[in-house]
Every structure is written in C-alpha cells, then in structure tokens.
Amino acid sequence: KLTDLALTDTCMDLNILIPPLMRSSSLDESKLSVQSSNLRTLHLDHCGLENMPYETFVKILLCATGLQAISFECSGPELSPDTLIEPIFLGKLENLSLKFMPNDYAARFIQIFYAPGLTKLVLDFEVDDGDFTRFVNRLTAPMTPPTIPPPDFARRIHIPELDRFVDPSQP
C-alpha cells in the first residue's frame, strides 16, 4: 500500500512500483484498472538521468492512476532521439517539479505528461545549461492528448477546485 516514495542518491529497480502482473514485457492496458498501484507522490532526486528504461517509466505512470505529484531532480527515464514518446494521461496530477535537467532532455521529457489538472509547475535549471527556448515552446504549446486514451477517459479528469471529475469533451 505504498502511497508516497522519495528516493535521493539511490539507484534501485523501480519495477517494484509496477504491480506484478504488469511487469511482463507486454503492457495490457485493459488490466490497468484492477492492477493499479496506490502511488500518489513520486520524488526521484539524483537517481541518475537515463538510468531507467523508458518502457519501465511508462508502466509506472500507467499503473499509478492516482498520481498527484511528481518531482525529478537529475533523474528520469532514458530518452534517446529515437524514442517515440506517447503522452501518458495523468488525470489527477496536480504538481510537477523538474530540476537540473539538460535543456534538450527537458524538452523531450515534458512531452510524456498529459495532465489537464496540473496546477503547479516547478522548474529549476542551471542558467548556463544552454538555450531553453525549445523547452519553453513545448511547455506553452497545447498538451498532446494520448493517441489511445484510457477507456473511461471522459470521466477521469479530476478538477481539484471542483473536487470532481469532468468530461474533457464538454466546454
């Protein structure tokens, strides 16, 4: 029943955050509703950039349907230029914190999240780490919705101020 996880300067197999039936190489999204984790907050601090396979990271997010806060500091999944990034719907995600990431990596990393309920974004990058124009352009562009949304996508967007879920197809 782990709900909050914070790791600092720790490298470990993050597959433990994926329910056992979802750890196989193929992801069956139809099982996600019954195989979700209880994870609400995830904080990875100096756990190494690109030390986690992208597929593992995606499974963690897909299984953490109640995730409300994510924080990455010098941490994140492997994102090569060839990695095909599919946005992950995180309907309850309200807080996202990104710190000390290279600018090109941050621009690709932000594409992973489709979080319409996001209310707080914390960014802390080194000023001498290059030009963040690409990152800012990605950040200010409309979020790309998932190609294949969850079956109950319309009912899963949580609006904190209203304390209820709303249908994203309605104005």
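This is a predicted model: local features need pLDDT of at least 70, side-chain atom pairs count only at pLDDT 80 or more; totals for chains, interfaces and linings use all residues.
Reader: What should I keep in mind about the model and its numbering?
Author: Local features need pLDDT of at least 70 and side-chain atom pairs count only at pLDDT 80 or more, while totals for chains, interfaces and linings use all residues. Residues are numbered from 1 along each chain as its sequence is written, and side-chain values use heavy atoms, with hydrogens and water left out.

Reader: Why is the pair of Phe 89 and Tyr 114 called tilted?
Author: Rings of Phe, Tyr and Trp (its six-membered ring) pair if their centres lie within 6.5 Å; planes under 30 degrees apart are stacked, over 60 edge-to-face, and the rest tilted. Here the centres are 6.0 Å apart and the planes at 35°, so the pair is tilted.

Reader: How do you know that Phe 89 is buried or exposed?
Author: Buried means under 20% relative accessible area, exposed over 50%, and partly exposed in between (1.4 Å probe, protein chains only). Phe 89 has 8% relative accessibility, so Phe 89 counts as buried. Tyr 114, at 12%, is therefore buried.

Reader: And why does Leu 123 count as partly exposed?
Author: Its relative accessibility is 35%, so Leu 123 falls in the partly exposed class. Leu 123 also belongs to a nonpolar surface patch with Leu 118, Leu 121 and Leu 139, with about 270 Å² of accessible area together.

Methods. Patches are made of residues with over 30% relative accessible area and no salt bridge: like charges are joined within 9 Å, nonpolar side chains (Val, Leu, Ile, Met, Phe, Trp, Tyr) within 5 Å. Accessible areas come from the Shrake-Rupley method with a 1.4 Å probe; for residues, only the protein chains shown count as cover. A salt bridge is a side-chain nitrogen of Lys or Arg within 4 Å of a carboxyl oxygen of Asp or Glu.
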